[in-house]
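Dear colleague,

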Amino acid sequence: MGSDIKGKYLLVTPAKNEEQNLLEVSKSVTGQKLKPELWIIVDDGSTDRTPRILEDLQANHSWIHSIRLPPRPRDITFHYSYVCKQGFDYALEYCRENNIEFEYIGLLDADTVLEENYFKKLLAEFEKDNSIGIVSGGIYYDTDGKLSLEVTNKNLPRGTGRIWRKECFFETGGYQVEPSPDSISNIKALMRGWQLIQYADVVQIQKRKTSAADGLWSGYIKNGWMAYYLGKKPLIALVNVLYFSLKPPYYTGAAYFLGYFSSAIRKEKRIQDPEIRNYYRNQGLSGLLSQIPGMSSHNPRDLREGEP
């Protein structure tokens, strides 16, 4: 890797009706000690002031571009990954046409505020070890000025604020238009020998709770369905149900159960990717234990997190 492209990265952000968060999020990106070569923000048919905010950002920063998709209902299954992929495809084509070099590719949701050294710290970790393929910081919540970490498996990068080494991104097929695209990316990276790491001391603050965009009940029904779709075993699903049922707000366990087992009863379609199907089919006791937070500090999450 040439020293001339050391530390250069692209960033993609999907945004739908994010006027409440986008100004703060954009300030955290434009204020980075190490700024992206290109930041593509995909406006997913917003009906609030999001388009106006994006116009202002583009007017003030030559490296920020936005593309707009037609209005569609919010959807964290296939449509979310479709929106992200539009951003990645546009960014990669723009770099080809304009001879922009880069070594890393990042994804940031429009509800996530970053510390000013976020990318500088994480890219420094990549430089230390060529076997690292995907990283992220830890997700924190700000409650009355006090930050609390959402504890998850340290070997699993979060969905928002994740960064791929370019070689890892392309080797694993880029960003898949599937539910849980980060889980799929994680699995394919692991199976190709890449290391995955979450650096919990590198701070990103998520402005709303995981899976809560359309309410937690709806979000966790979709999480259960996605677990079924990816091919997770019923026993692993039940472990997740138990975990969610033992922590506030408790009812998320019932929602997850409904999402998974109603899909199983109806024998709904599952992912066709043989690599992903085989991964979950062969997941034994160690895979089951990895689903228990007490065993691995893993808090299963929606598709934006990545959770084999």
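Please bear in mind that this is a predicted model. I begin with threonine 30, which is buried, with a relative accessible area of 18%, a value that falls under the 20% cut-off for that class. Threonine 30 lies in helix α1, which covers residues 19-30, and its side chain reaches the backbone oxygen of lysine 27 at a distance of 3.4 Å. Leaving aside residues up to four places away in sequence, threonine 30 touches Lys35, His61, Trp63 and Ile64. With regard to isoleucine 64, 34 residues separate it from threonine 30 in sequence, while the C-alpha to C-alpha distance between the two is 9.4 Å.

Tyrosine 82 belongs to helix α3, formed by residues 78-98, and is partly exposed, since its relative accessible area of 35% lies between the 20% and 50% limits.

As for the protein chain as a whole, it contains 12 helices and 9 strands, and 55% of its 308 residues count as buried. Among the contacts between residues at least 6 apart in sequence, 80% join residues that are at least 24 apart. The accessible surface of the chain comes to about 13200 Å², and carbon and sulfur atoms account for 53% of that area.

Technical notes: Residues numbered from 1 in each chain as written. Predicted model: local features only at pLDDT ≥ 70, side-chain atom pairs only at ≥ 80, totals over all residues. Heavy atoms only, no water. Helix = DSSP H or I, 4+ residues; strand = E, 2+ residues; numbered from the N terminus. Buried < 20%, exposed > 50% of the residue type's maximum accessible area, 1.4 Å probe, protein only. Contact = heavy atoms within 4.5 Å. Polar contact = N/O pair within 3.5 Å; in protein donor to acceptor, adjacent residues only side chain to side chain. Areas by Shrake-Rupley, 256 points an atom, 1.4 Å probe, with all protein chains shown as cover.
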